[in-house]
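This briefing goes with the sequence and 3D structure shown below.

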Amino acid sequence: MLLDNAREATAEALGVRSDEVSFTASGTHAVHLGVLGLLAGHARRGRRLLTSAVEHSAVLHAGVWHHGQGGSVDTLPVDVLGRLAPQTAARAVSWSDELAVVAVQSANHEVGTLQPVADIAEATGAPVFMDACASAGRLPLPEGWAAAAASAHKWGGPPGLGVLLVRKGTRWRNPFPADSMDQFPLDGENVPLALASAAALQAVVAERDEVNRRQSALVDRLRAGVARIPDTEVVGDPVDRLPHLVTFSFLYVDGEAIVTELDRRGFAVASGSACTASTLEPSHVLAAMGALTHGNVRVSLARDTTEDDVDRLLAALPEVVARIREDAGL
Amino acid sequence: MTVEPALELDCRGLLCPRPVIELAKHLTDVPVGAVIAVVAEDPAAAHDIPAWCRMRSQEYVGTDTAADGVARYLVRRTSAGG
């Protein structure tokens, strides 16, 4: 009963049917079930997976798994804004008579660019898996997907809960060993976490028009202010984007140095630069866009971030960037 | 590729953004129209040297490998800047 309530509330907030909603152990797990389940459901007609080059690593890891199981995986290039063009996806699908599953995110988690999911679905005619982790709750879900995944902690819900959406009538099969032969409900759905997640989701959806408007204006302010710093690249679509996220790169600046210095001044930011990653590999998202990968700073606004916070960051950045460049002998 | 660089910068062992900084510092060591090469193991250089060329309006010629197999990035100086 409680689980049904959580399912119905989640479905209503996301604008889907309640029998299309399942709860998983994480967003990552929902992504894996979504991608691999669509592939399993269509396996008799083909074992091809096409993913945009800017998908979250959870999708890319599902691709590696699929390849290990004998399937094929191809990566589709994106433009300078990080967007997958529907015709690029359609051309790739038509390379072979074998059916392909197309994996494309609703919005990019690093640069904020929204993807034309509905247009991609229409242009390709393929079953589309949509990783909606970066946008679900904040924005209405786009149309066109056959399966989708979301993550509760991204909308302020509890960690350890993912949401898998499978459209009614979609060919989807559990790709992993399961106790029950029935597809749904999935084994072991966590009732308390599902309830907490649904409550958080309802709250976010209820206030998102106001929050999005405010955050989007603050991101515009940040983008314009940062662009005035010399040799700076503001990355991602300036308009068709997530409301709360902005990414930029400063030429000649060490990403770790700037993150550390901003942290010292009370600003918690992220970075896609190689020197901030344990692998020493730069962000595959920035690389696929042809964007500068070093000196990268990613700012996620909280719902209570103020214009004053943004202005303090804009006041600090020119000095921080200039000093790091000076230390580098420039 | 049969491009003969006028200057080759040895950036082996340097991590990002050092190879790009070296490139910027030494661009004006070669005349306009000449090619400057950056030899770098840093994986970010493969993305950042073309991005630097785009941002600073220099021509990214392409990549080949140094004698020891390390990637070498070729840039043609097209203007006074850098």
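**Interface**

Chain B and chain A bury about 1,600 Å² between them, and carbon and sulfur atoms give 65% of this area. Buried area here is the accessible area (1.4 Å probe) that two parts lose on being put together, summed over both. P17(B), H47(B) and M55(B) supply 29% of the area that chain B buries against chain A, more than any other three residues.

The model is predicted: local features need pLDDT of at least 70, side-chain atom pairs count only at pLDDT 80 or more, and totals for chains, interfaces and linings use all residues. Residues are numbered from 1 along each chain as its sequence is written, chains are lettered from A and ligands numbered from 1 in the order in which they are written, and side-chain values use heavy atoms, with hydrogens and water left out.

- Across the interface, 21 residues of chain A are in contact with 18 residues of chain B, where contact means heavy atoms within 4.5 Å.

**Chain A**

- Chain A has 9 helices and 10 strands; these are DSSP runs numbered from the N terminus, with helices being H or I of at least four residues and strands E of at least two.
- The radius of gyration of chain A is 20 Å, close to the 20 Å that the globule rule gives for 330 residues, so chain A is as compact as a globular protein of that length. The radius is taken over C-alpha atoms, and the rule is 2.2 Å times the number of residues to the power 0.38.
- The C-alpha trace of chain A spans about 65 × 45 × 35 Å along its principal axes.
- Of the 330 residues in chain A, 55% are buried, that is, under 20% relative accessible area, with exposed meaning over 50% and partly exposed in between (1.4 Å probe, protein chains only).
- Among chain A contacts between residues at least 6 apart in sequence, 71% join residues at least 24 apart.
- In chain A the mean positions of the 28 positive and 40 negative charges are 3 Å apart. Lys and Arg count as positive and Asp and Glu as negative, while His and the chain ends are not counted; the charge is placed at NZ of Lys, CZ of Arg, CG of Asp or CD of Glu.

**Chain B**

- The pattern of chain B along the sequence is β-α-β-α-β-β, with 2 helices and 4 strands.
- With a radius of gyration of 11 Å, close to the 12 Å that the globule rule gives for 82 residues, chain B is as compact as a globular protein of that length.
- Buried residues account for 48% of the 82 residues in chain B.
- Chain B carries 8 positive and 11 negative side chains, and the centres of the two sets lie 8 Å apart.

**Backbone details**

- The peptide bond from F184(A) to P185(A) is cis, with omega near -5°; P185(A) sits in the loop between strand 7 (162–166) and helix 6 (191–227) of chain A.
- C16(B) and P17(B) are joined by a cis peptide bond with omega about 5°, and P17(B) is in the loop between strand 1 (7–10) and helix 1 (18–26) of chain B.
- D231(A), which is not a glycine, has a positive phi near 50°. D231(A) lies in the loop between helix 6 and strand 8 (232–235) of chain A and is partly exposed, at 26% relative accessible area.
- S57(B) also is not a glycine and has a positive phi of about 55°. S57(B) is in the loop between helix 2 (45–55) and strand 3 (59–65) of chain B and counts as exposed at 51% relative accessibility.
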